[in-house]
Each structure stands twice: as C-alpha cells, then as structure tokens.
Amino acid sequence: MVTSTQSRRLTGYAHGGGCACKIPPGELETVVSGLMGETAPRGPGELLVGLDDGDDAAVVRIANGVAIVATADFFTPVVDDAYDWGRIAVANALSDVYAMGGAPVVGVNLLAWPRDLLPMELAAEVLRGGLAVAREAGCHVAGGHSVDDPEPKYGMAVTGIADPDHLMRNDAGVAGVPLTLTKPLGIGVLNSRHKNTGEVFPQAVAAMTGLNRAASEAALAAGAVCATDVTGFGLLGHLHKLARASKLTARVDAAAVPYLEGARDALAAGYVSGGTRRNLDWVRPHLDADGVSEDELLLLADAQTSGGLLVAGEVPGYPIIGELLPARGDGTTLLVR
C-alpha cells in the first residue's frame, strides 16, 4: 500500500533512530548517580524499585496488595511510515511494564512535532498507530502532552499494576539459572539500513510492534523473578546491568542467539549505528569474549528498539541463549563464547 509517508521520509528528520538515540549508558549513569539514596518522602506508597539498579520501570507498593508500575519512553522516528512508528513507540513503552511482570492500565502520549516542516495529518497517523497498539494491550489512552520541536519524537508514559510479591527485577538473578530471549536480535542494523536506503523490512516492523505481554505472562507462570527488556543498550548492555545488579556473571552462547532475517547482511554492509558501537565500548571492560569476532559482538550489542524480554529462567517456547554464573571476582559480568 502506498501511503503519504512515503513521500516524506520521517527518518530523514531525525539525527538517529529509535532507541539507538538513547544517551550512552555510561553517561546516563553519571548524570543520575546523585539522585540515588535519597530519604523516602512521606506519602501513601512504598518504593520497591527505583533508580538504584537502572531497572525498566519504577514500582511503588500501595494498599491492598497492589503495586503501581510507572515508566516513560519516547524516541525519534525509527521507520518512515507514521502509523508504524506510532505502533512501535507504544509497544516499546508498554514493554517496560511487561518486563517488571506488570500489566499496563493507562498511557498518556508524549509528542514532539516540527509543525512547520511536517503536516499535522502525519502526527495524527502516529497517534493513531500508538492508540491501536495500546488497545491491543487493553491499555487506556487518556490525553498526553505535545510540544513544537525541530525533530519529531513520540512515545508514551505508562502506568500499570503488578503483584508486589511476584515482580521480575533485574537484581534478582540466581547462579545456575538459564537465560531466555523472547525476540530475535538484529532490529538495530535493519533499522539503520532502512534509514540510509529506504528499504522496508517487514520482519523488523513485525518484531518491534509485537507486544511482550505473552512472554511476560509465560515468564511469570514459569516462576521467573528476574528479567529485563532488550532495547537501546543492546543484549550485552542490558545483560551487563542485570548481571551487575544481581552480583553475578552472565554467559552468552553466541551461536544460540536468534537473529532476524537480513541482520547479518545489514551488518556486513556496514549499517551499524553509533549507539551500537557505544554499547559495545561501554561493556568491553567487563567482557570476556576470547575467540569471538568483532562483528559478532556488534550484533550482540546492537541497539534494539522494542526488543524482547531477557529472562533469568526457562520460558517454554523461547530459546535459551546462556546462563547466569557465580561472580568471577575480577569485574567480569559478561562471558561470550
């Protein structure tokens, strides 16, 4: 189908695409380090998950055995189709709630739009796509906030609920437990190729718009208590954070990691984002990858947008890609073979 977005390449209005535009993890941790360890304010809730380990969302216990899960996520266009971009952005925002073992309840839109450069009809398509995915998830959408901005950005702030006694956190890993990945990697290199050439990759769009709801529910049913989602910091970046928070080392079997069709071709053609290279640079001091090629490591560090869940535990129907091991004691959190 030909759409009006094809004559206006949305990715051309952004300096980067999707979660690859995140502030590099090392820089971000430095910025927020002074915000940790504050005395809890008086209020009706108990903070269960906050800034300390860089988890996917904040969790606050309230009355009657209920916890509120709160997150926000937005980014520049990752595809040229406005409707698909909206779908991807909201699936990505909802993923943070699913990664904690929660269910989204309500979202509010976050929209930045260059109104002198792009027609508002395209903005309406972005919002329509976001609404479609929120409805698929059973999540209300109730307004939001918009600003006039030189660069288009879209996402959502999402509030969900969870059982405070059955959360999935990134600091609850246990040695000897397998690692499960619920979506293939390669989204980042395919999106980079799309931005540079205009080629459309339906397999990448399908992966990015797919909800992590079923994977989250399956992980909880299997008894998982530790998980994260794989987004802008890549598999290696998010796994490093999980292993570090859990005081463990994580082993990745590179041959077991699934990839989208075309991902290796895109890598070979040089479509690697700056965000992916920064991810690899960030984890390299904590990485033991003797015998593993630089190309393989770049794929493992590939900056994903709306990627899958990385679960500490076996989740039926999804591939096991490694294992959590006792801490090595030398600062190594990642072992890739």
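A residue is called buried when its relative accessible area is under 20%, exposed when the value is over 50%, and partly exposed in between (1.4 Å probe, protein chains only). The model is predicted, so local features need pLDDT of at least 70 and side-chain atom pairs count only at pLDDT 80 or more, while totals for chains, interfaces and linings use all residues. Residues are numbered from 1 along each chain as its sequence is written, and side-chain values use heavy atoms, with hydrogens and water left out.

**Exercise 1. Describe the six-stranded open sheet and the helices that lie on it.**

Solution. Step 1: helices (H or I, at least four residues) and strands (E, at least two) are DSSP runs, numbered from the N terminus. Two strands pair if DSSP finds at least two bridges between them. In general, strands of a sheet pair through backbone hydrogen bonds, either parallel or antiparallel.

Step 1: the strand order is 1-2-3-6-4-5, with mixed pairing. At the edges are strand 1 (46-49) and strand 5 (140-148), each of which pairs on one side only. On average, neighbouring strands of this sheet are turned by 20° against each other, direction ignored. Axes here are lines fitted to C-alpha atoms, for helices over the stretch in contact, and angles run from 0 to 180 degrees between N-to-C directions.

Step 2: strand 4 (residues 103-113) and strand 6 (residues 153-162) are joined in the antiparallel sense by nine bridges. A103 has I161 in strand 6 as its bridge partner.

Step 3: helix 3 (residues 120-136) packs on the sheet and touches strand 4, strand 5 and strand 6. The direction of helix 3 makes about 170° with that of strand 4. Helix 2 lies across strand 3 (67-75), strand 4 and strand 6, and runs at about 30° to strand 6.

**Exercise 2. Determine how helix 4 and helix 5 are arranged, and what covers the buried residues of helix 5.**

Solution. Step 1: the two axes come within 10 Å and cross at roughly 125°. Step 2: angles under 35 degrees count as roughly parallel, over 145 as roughly antiparallel, 65 to 115 as roughly perpendicular and the rest as oblique. Helix 4 and helix 5 are therefore oblique to each other.

Step 1: contact means heavy atoms within 4.5 Å. I187, L190 and N191 of helix 4 meet Q203, A204, A207 and M208 of helix 5. Step 4: the buried residues of helix 5 (residues 202-209) are A204, V205, A207, M208 and T209. Their cover includes helix 2 (82-99) and helix 4 (187-197).
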